[in-house]
Amino acid sequence: MSFSDIFKSGYLENISAVSIPEMAVALLLALGVGLFIFLVYKKTYSGVMYSTSFGVTLIALTMIATLVILAVTSNVVLSLGMVGALSIVRFRTAIKEPLDIAFLFWAIAAGIVLAAGMIPLAVIGSCLIGIVLLLFVNRKSHVRPYIMVIRAENHEGEVRAMENVKKHVKRMCLKGKSVSKGEVELNLEIRLMNENTDFVNEVNELEGVKSCVLVTYNGEYMG
């Protein structure tokens, strides 16, 4: 048996295992689910620089996963070849946000489930995941965290500043302290009792305090 005979007898039989309409439906559904994942990602994104290319990647990943699984399910030999080919692929792009990993796995999993023919599971599961992310990702605490940077001349100025801040905040935690000759720098994470920040001016006017800076941030909340 020649190579052409093997090709003819194997390829034509295996390609008929998945019909053209089935392929089209699976890819169209993958496109729809991928668009839904993209919209959820765009709605829940809370970073500084929004990446449009990452959102498009989510759509492409859903369709690519569907395409690969359709090919694998139609040919056992091809599935072994794909496992070997994909094992040598290395991804060098750094994931900046932990939540991005969840979206990547969501897109891949949805594509695999669609190609396996479990359409209700893919659609209902994606809807539930999207609702959970929309409810919890952008959920904000009613108490906003702040970082307060105080520069004092000496230990006495440091003590005065700390005591004054304690009287005006709901919670305070020392995040860092830097000491050099003639200066003490304090980094405090604080929660205000209300949105009134006039006490910052009062701290700045204390004897032994050089400057006082208050900024908001999106760091981890104190337990």
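A salt bridge here is a side-chain nitrogen of Lys or Arg within 4 Å of a carboxyl oxygen of Asp or Glu.

## Salt bridges

By that rule, the count is 5 salt bridges. In one of them, the side chains of R151 and E183 meet at 2.7 Å, N to O. R151 sits in strand β1 (residues 145-152) and E183 in strand β3 (residues 183-192), so the pair ties together parts 32 residues apart in sequence.

This is a predicted model, where local features need pLDDT of at least 70, side-chain atom pairs count only at pLDDT 80 or more, and totals for chains, interfaces and linings use all residues. Numbering starts from 1 along each chain as its sequence is written, and side-chain values use heavy atoms, leaving out hydrogens and water.

## Two helices side by side

Helices (H or I, at least four residues) and strands (E, at least two) are DSSP runs, numbered from the N terminus. The axes of α2 (residues 20-44) and α6 (residues 119-136) come within 10 Å and cross at roughly 5 degrees. That makes α2 roughly parallel to α6 (angles under 35 degrees count as such). Axes are lines fitted to C-alpha atoms, for helices over the stretch in contact, with angles from 0 to 180 degrees between N-to-C directions.

Touching residues (heavy atoms within 4.5 Å) include L29, V33 and F36 of α2 and I119, L133 and L134 of α6.

Methods:
Parallel < 35°, antiparallel > 145°, perpendicular 65-115°, else oblique.
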